[in-house]
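Hello,

Here is the structure I promised to send over.

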Amino acid sequence: MKALLCHEFGSTQNLLIGEIEKPLPKPNQMLIKVKACGINFPDALIIQNKYQFKPELPFAPGGEISGTVEVVGSEVTHVKVGDQVFAQIGWGGLAEYALADSHKCYRISKSVDPVTAATTMYTSATAYYALNQRGQLKPGETLLVLGAAGGIGSAAIQLGKLMGANVIAAASTDEKLAQSKANGADETINYTTEDLKERCKALTNGKGVDVILDPVGDKYAEPSVRALAWGGRYLVVGFTGGAPSKIPMNLPLLKGASIVGVFWSAFAQKQPTENAQNFAQLIKWVENGQLKQPIHKSYTLAQGKQAIQDLVERKVIGKNVVLID
């Protein structure tokens, strides 16, 4: 089978199309004929050897796929051959076939197109865990989403509205904010030209925001925390801005606020029942058409390294997707 392979850790230029053996599933796995693969920030990290997990070389990046089940292991009972599924697989998705562990693969209606199936659930699972379990977002509260035009940001806007919140989207360009508005945001802030804290205060009549979802970090973290209301929750999702956040600890003290870590993959492993409940709700929203990731651009498998590079260069509004089938 064809795959986009990483033979040595480094830049996207090290990725080359090659032929490898079609993998065989273990008893708790299934083999999926891949139709589409969503591109996420961990795909850029894993080929640089900067991710939490280090696959054995050579490997294909791509941790989020949709496709059709071709072979099921002897212990798999919740899907069958021919089912349309989406799966989180860590790596291996930029290939014609991929393996998925049973507990990370979910059946989805064939009425859902493969691109939606391959691009919505990874970011939505992270954002929903952040807002639901970690942020305890309640109807009527105000949610500030940083990096609002990215994959997690786009999912967080939609989920915030579905959960009954007032959503403020913050991003670096007016183009990205226009997409965020179209995605459902109530208000927007351009944090390259506007004072993030002061705009949040103005938009909330001086109260501040109740929950902040931040996948960006870096220089935007401190002004965000300063914009929190009393009892607010700042959700640390990632650091696409480059550097881990540095926050003066007197700020959460004075605001009675919480700084909360969001590590979805660990949650999925340690609390599988709650994770499955989250997915059940997300699948309903996707199948009802209430949750769908905006697509920036589609690529072929041969263009897969460019799909990752465009994400690295922050050219993406929404999600990139590679079409395999």
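**Helix H3 and its two partners**

On the H3 side of the contact with H10, the residues are Met-121, Ser-124, Ala-125, Tyr-128, Tyr-129, Asn-132 and Gln-133; they meet Glu-274, Asn-278, Phe-279, Gln-281, Leu-282, Ile-283, Trp-285 and Val-286 in H10. That contact of H3 with H10 counts 9 nonpolar, 5 polar and 1 charged residues. Bear in mind that this is a predicted model.

H10 covers residues 272-287. The axes of H3 and H10 come within 10 Å and cross at roughly 120 degrees. The crossing is right-handed.

H3 (residues 121-134) also packs on H4 (residues 151-162). Here the angle is about 55 degrees, and the axes lie 8 Å apart. Angles from 65 to 115 degrees would count as roughly perpendicular, and those under 35 as roughly parallel. H3 and H4 are therefore oblique to each other. Their crossing is right-handed.

From H3, Thr-123, Ser-124, Thr-126, Ala-127, Tyr-128 and Leu-131 take part; from H4, Gly-151, Ile-152, Ala-155, Ala-156, Leu-159 and Gly-160. By class, the contact of H3 with H4 has 7 nonpolar, 5 polar and no charged residues.

**Cysteines**

How many disulfides does a search of the whole structure find? The count is 0. Take Cys-37: the closest cysteine sulfur is in Cys-105, 14 Å away, and that is too far for a bond. A disulfide needs the sulfur atoms within 2.5 Å. Cys-37 is buried, at a relative accessible area of 0%. Cys-200 is buried too, with a relative accessible area of 0%.

Best wishes

Definitions and conventions. Residues are numbered from 1 along each chain as its sequence is written. This is a predicted model: local features need pLDDT of at least 70, side-chain atom pairs count only at pLDDT 80 or more; totals for chains, interfaces and linings use all residues. Side-chain values use heavy atoms; hydrogens and water are left out. Axes are lines fitted to C-alpha atoms, for helices over the stretch in contact, and angles run from 0 to 180 degrees between N-to-C directions. Helices (H or I, at least four residues) and strands (E, at least two) are DSSP runs, numbered from the N terminus. Angles under 35 degrees count as roughly parallel, over 145 as roughly antiparallel, 65 to 115 as roughly perpendicular and the rest as oblique. A crossing is left-handed if the near helix is turned anticlockwise from the far one by less than a right angle, and right-handed if clockwise. Contact means heavy atoms within 4.5 Å. Ala, Val, Leu, Ile, Met, Phe, Trp, Tyr, Cys and Pro count as nonpolar, Asp, Glu, Lys and Arg as charged, and the others, Gly among them, as polar. Buried means under 20% relative accessible area, exposed over 50%, partly exposed in between (1.4 Å probe, protein chains only).
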